[in-house]
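Trainee: Hi! Could you walk me through this one? I'm new to it.
Mentor: Happy to. Let's have a look together.

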Amino acid sequence: MSYQTSRFLKILLICIIAEAMNFLTTFIFYQILKIPLFFDTIFTVAVVFYLGLIPALCVSIGYNVINSLLWIYKTGYIDPFILIYGICGILIVFSTWIIARNKEEFKITVPITLLYLVLIALASSMCSIISGGIIDFFHYKYFEITDMMNPIKKFTEGFIHQHFSLLASCILAQIPVSFLDRLIATFSGYGIYKICEKFIERR
């Protein structure tokens with residue numbers, strides 16, 4: 001087997017595992033434990049650090065495609081916004097990669113590493129807040145959103161009851177949830193990357 005084939009198969013296997021783990025963490029923390037966070041990008045972030053931009057984009061896009069198909073299977077109807085939410089994932093991957101691509105700078109000191117990770121969390125949460133809020137706005141206007149589909153639905157409805165506009169409510173509701181979710185995903189993803197770097201043979 002050639003080096004290129006071996007490397008491709010290794011990347012493919014890691015991406016498949018990351019995809020499966022994204023679904024598993026979402027199922028455990030959101031479906032079972034009922035924690036109102038997303039938990040769907042922890043392993044995508046790990047792939048950004050470990051393999052780079054393109055594999056992470058494949059994991060991110062793949063998650064939304066599979067999630068859309070699972071939704072159709074469970075409910076019997078198509079909600080195109082589930083796929084559109086993939087924009088959030090793509091922006092998260094890009095914003096993480098832009099800052100994380102020079103990983104050597106992360107290793108200068110522990111405080112520098114922490115600052116970089118916080119910066120990634122801030123940048124990716126900003127992307128998620130704006131894009132997710134706008135998508136939620138149109139989603140609310142044209143579809144019935146169930147609690148199972150949107151973990152921040154109650155936050156959004158809380159702002160609406162305080163007489164904020166729908167668009168403002170959708171964006172404001174994203175702020176605490178998205179920032180905490182991005183903070184957890186960024187630090188957890190980096191930790192998983194460090195474990196992979198230590199225990200998975202790199203060629």
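**Charges, rings and a core**

Trainee: How many salt bridges are there?
Mentor: The count comes to two salt bridges. Keep in mind that this is a predicted model.

Trainee: Which side chains meet in the 3.3 Å one?
Mentor: That salt bridge joins Asp181 and Arg182, at 3.3 Å from N to O.

Trainee: Is Asp181 buried or exposed?
Mentor: Asp181 is buried, because its relative accessible area is 4%, and buried means under 20%. Arg182 counts as buried too, at 1% relative accessibility.

Trainee: And which side chains make the 3.1 Å salt bridge?
Mentor: Lys194 and Glu197 do, with 3.1 Å from N to O. They are three residues apart in helix H8, so about one helical turn separates them.

Trainee: How accessible is Lys194?
Mentor: Lys194 counts as partly exposed, at 32% relative accessibility. Glu197 also counts as partly exposed, at 24%.

Trainee: Okay, new topic: rings. How many aromatic pairs are there?
Mentor: There are nine aromatic pairs. One of them is Phe137 with Phe138, an edge-to-face pair with 5.0 Å centre to centre and 75° between the planes.

Trainee: Why is that pair called edge-to-face?
Mentor: Because the planes of Phe137 and Phe138 are 75° apart, and an angle over 60 counts as edge-to-face.

Trainee: What about burial for Phe137?
Mentor: Phe137 is buried, with a relative accessible area of 19%. Phe138 counts as partly exposed, at 35%.

Trainee: Which pair is tilted?
Mentor: Tyr190 and Tyr193 form a tilted pair, with 5.6 Å centre to centre and 50° between the planes. Both lie in helix H8, which covers residues 166-199, and they are three residues apart, about one turn of the helix. Tyr190 and Tyr193 are both buried.

Trainee: Where does Arg101 lie?
Mentor: Arg101 lies over the face of Trp97, at 5.1 Å from the ring centre.

Trainee: Let's go inside. How many residues does the largest nonpolar core have?
Mentor: The largest nonpolar core has 31 residues, and those with the most contacts inside it are Phe49, Leu51 and Phe106. The elements that give two or more residues to this core are H1, H2 (42-51), H3 (53-75), H5 (86-100), H6 (110-142) and H8.

Trainee: Which helix gives the most?
Mentor: H2 gives the most to this core, with eight residues. As background, nonpolar side chains tend to be buried together in soluble globular proteins.

Trainee: Which residues form a nonpolar patch on the surface?
Mentor: The patch is made of Leu24, Phe27, Ile28, Phe29, Ile32 and Leu33, with about 510 Å² of accessible area together.

Trainee: Where does Ile28 sit?
Mentor: Ile28 is in helix H1, residues 3-32. At 32% relative accessibility, Ile28 counts as partly exposed.

Trainee: Last one: where is Tyr77?
Mentor: Tyr77 is found in the loop between H3 and helix H4 (80-84). At 35% relative accessibility, Tyr77 counts as partly exposed. The C-alpha atoms of Tyr77 and Glu144 are separated by 12 Å, and these two residues are 67 residues apart along the chain.

How values were computed. Residues numbered from 1 in each chain as written. Predicted model: local features only at pLDDT ≥ 70, side-chain atom pairs only at ≥ 80, totals over all residues. Heavy atoms only, no water. Phe/Tyr/Trp six-rings, centres within 6.5 Å; stacked < 30°, edge-to-face > 60°. Buried < 20%, exposed > 50% of the residue type's maximum accessible area, 1.4 Å probe, protein only. Helix = DSSP H or I, 4+ residues; strand = E, 2+ residues; numbered from the N terminus. Lys NZ or Arg CZ within 6 Å of the ring centre and 35° of its normal. Patch = residues over 30% accessible without salt bridge, like charges linked within 9 Å, V, L, I, M, F, W, Y side chains within 5 Å. Areas by Shrake-Rupley, 256 points an atom, 1.4 Å probe, with all protein chains shown as cover. Salt bridge = Lys/Arg side-chain N within 4 Å of Asp/Glu carboxyl O. Core = buried A, V, L, I, M, F, W, Y, C linked by side-chain atoms within 4.5 Å.
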